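Here's a quick briefing to read with the model open beside you.

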Amino acid sequence: MKLIVVPRKLEQIRDYLNNDCSGIIVGLKDLSTNYELALSLEQIEQLRHDYADIDLFVAMNKNFFNDELPVVEESLKKLDALKVSGVLFYDLAVLYLKKKDALNIDLVWNQTHMVTNYNTCNYYYDLGVKYDYLASEITLEEINEIREKTDSKLMALAYGCPVMAHSRRTLLTNYFHNRQKEYDGNPHHVFDENNRFIVKEDETGTTFLNDQFINGTCLI
């Protein structure tokens, strides 16, 4: 088992690596969502230079529009040349471009609630996807079953608030506009009978997170 951390700031990385962390996940600027630390390709290249021996994963987990695909393709080629450990993807265009350009880069299937069973993990493995980022709502027993019945390398959230949904729409801005108010830019909460969710909006859209932390540190 490896402990991979999602740092919020560049200056945190060295401390994490000095405390038994094997590697990090960072977002790629303009091509990722829900990563507070989203870096340019130049910054990622510097990271790879500074920490040549760590597991360095890069998230490209947005849903892309057609006009973004040339940038996505060029970014994948550069990350492939940098020999990053893997790219987390949501949009299947990433898998298509890897195959189209015969890239060696490893991919991490990261489609939130869809990564729930070994049959689909094996399907993507046969297409060249080497990692699966498991859905946060499945049980430990289901995780163990997937582990036993797939050759894919598995990743799972061990600590943090799981993402429940994401929309490219500016839902908070629209909500406050309809109430004749201006959105203040801060996260807000919504409720149902039994749950509370964090809602935050940025330039990539609106994200809903479960307000209840997953804490699997005792298992680690």
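Strand β1 (residues 4-5) pairs with β2 in the parallel sense, over two bridges. Keep in mind that this is a predicted model, so local features need pLDDT of at least 70 and side-chain atom pairs count only at pLDDT 80 or more, while totals for chains, interfaces and linings use all residues. Residues are numbered from 1 along each chain as its sequence is written, and side-chain values use heavy atoms, with hydrogens and water left out.

- A word on terms: strands (E, at least two residues) and helices (H or I, at least four) are DSSP runs numbered from the N terminus, and two strands pair if DSSP finds at least two bridges between them.
- Strand β2 covers residues 23-28 and is mostly covered itself, with six of its six residues buried. Buried here means under 20% relative accessible area, exposed means over 50%, and partly exposed is in between (1.4 Å probe, protein chains only).
- β2 also runs parallel to strand β4 (residues 55-60), and five bridges join the two. Look for G27, whose bridge partner in β4 is A59.
- Strand β3 (residues 38-39) is parallel to β2 as well, joined by two bridges. There, L28 has L39 as its bridge partner.

**Aromatic rings**

- Rings of Phe, Tyr and Trp (its six-membered ring) pair if their centres lie within 6.5 Å; planes under 30 degrees apart count as stacked, over 60 as edge-to-face and the rest as tilted. By this rule the count comes to six aromatic pairs.
- One of them is W109 with Y124, a tilted pair at 4.5 Å centre to centre and 40 degrees between the planes. The pair links distant parts of the chain, with W109 in strand β6 (residues 107-109) and Y124 in helix α5 (residues 118-126), 15 residues apart.
- W109 counts as buried because its relative accessibility is 1%, and Y124 counts as buried at 10%.
- Another tilted pair is Y159 with F213: 5.2 Å centre to centre, 55 degrees between the planes. This pair also links distant parts of the chain, 54 residues apart: Y159 sits in strand β9 (residues 159-160), and F213 in the loop between β13 (205-210) and β14 (214-215).
- Ring pairs tie W109, Y123 and Y124 into a cluster.
- There's a charge over a ring too: K130 lies over the face of Y125, at 4.4 Å from the ring centre. The cut-offs for that are NZ of Lys or CZ of Arg within 6 Å of the ring centre and within 35 degrees of the ring normal.

**Salt bridges**

- A salt bridge is a side-chain nitrogen of Lys or Arg within 4 Å of a carboxyl oxygen of Asp or Glu, and a search of the whole structure finds nine.
- K29 and D30 form one of them, with the closest N and O atoms 4.0 Å apart. D30 is exposed, with a relative accessible area of 55%, while K29 is partly exposed at 46%.
- K100 forms a salt bridge with D101, the closest N and O atoms being 3.3 Å apart.
- The side chains of R196 and D211 meet in a salt bridge at 2.5 Å, N to O. They come from distant parts of the chain, R196 in strand β12 (residues 196-202) and D211 in the loop between β13 and β14, 15 residues apart.
- In that pair, R196 is partly exposed, with a relative accessible area of 37%, whereas D211 is buried at 17%.
- Salt bridges with shared partners also join K62, E68 and R168 into one network.

**G205**

- G205 is in strand β13, and it counts as buried because its relative accessibility is 2%.
- Which residues does G205 contact, leaving aside its neighbours within four places in sequence? They are H166, S167, R168, R169 and K200, with contact meaning heavy atoms within 4.5 Å.
- G205 and T116 are 89 residues apart in sequence and 25 Å apart in space, C-alpha to C-alpha.
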